[in-house]
Amino acid sequence: MFRNDWYRNQLKLNELVARFDLDVMSVGQAEIIKEWTGIYDFNSYCFYRLPLPLSGKCHLIDTNGITEMTNGKLYLIPPHLPLKFKSITPYSHYYLHFSSAELYNILPPDQVFCEKYQRRSTIIKTFERIIAAFSETTSNISCFESFEVRFLVEQLLVQFIDHHYLEARCSEFPEQRFSKVLQYIEEHINEKVEISQLRKIINMSSTDFIVKFNNYFGMPPKQYIINRKLSVAKRLLIKTSLPIKEVAESCGYQDEFYFSRIFKKYFHESPRDFRAKKYL
């Protein structure tokens, strides 16, 4: 990479980091799991998953293949990636679920990431501190604890960003162009987003835009928009008590019943049924 290219990409990364958003949704420890019940079919989630295996082994199966999750490594699983789990031996892990729109612009959204760590005691203490600060009654969490949780989670994420963004992504011109498209989608998530609007942002023909978007993100732009809207919907259903109609409107669906049909089509359950459950 030429020096000027590196410098431009470094500035771009700095801008992304400056507006980096992070919303921790749940954190805890899953005890010994002998079999993953109810997750035999491929499913996708509306949040990032950050599991830290403690004992045993399990297979994470996604569209790219099989990842064996074992002790000594930290994993980062992006939202919307179809996947399922299968235990190999009795398995336990710490888990942390969070949402972040900007991380979608920093790391590829179509693969599972894995990083080795050297000091087991240090990373376990980090998870324990997050669990202690992020209690079940998150509404009572103090300002200090909120900043502490954010700082600790960012510490866990920085190694993924360093290894995968700086080394593998900085020189990819398509990502730089499409980041403007993704930003537009996020800023207009509560509106109807047309493909014609998106392609004009980067001055592409309709055919080129759809082909290149699909090649880069592994899905057509229309599918990506639906995924992002439903991701926001899931987050609102989990984190708020807003009526379904208001959740639908927040995602750009003026018709509550149409929103419910779309939601059920993709997740095989209604928004109300989804809200009634706890997703770990």
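pLDDT is the predictor's confidence in each residue, from 0 to 100. That score concerns us first, since the structure before you is a predicted model, in which local features need pLDDT of at least 70 and side-chain atom pairs count only at pLDDT 80 or more, while totals for chains, interfaces and linings use all residues. Residues are numbered from 1 along each chain as its sequence is written, and side-chain values use heavy atoms, with hydrogens and water left out.

The chain has an average pLDDT of 80, and 80% of the residues reach at least 70. Over residues 1-8, however, the score is below 50, and this stretch has 4 contacts beyond near neighbours in sequence; contact means heavy atoms within 4.5 Å. Residues 169-174 also stay under 50, with 12 contacts beyond four places in sequence. Where pLDDT is low, the predicted coordinates should not be read in detail.

I turn to the aromatic residues. The structure holds 9 aromatic pairs, that is, rings of Phe, Tyr and Trp (its six-membered ring) with centres within 6.5 Å; planes under 30 degrees apart count as stacked, over 60 as edge-to-face and the rest as tilted. Tyr 253 and Phe 259 form a tilted pair, at 5.7 Å centre to centre and 45° between the planes.
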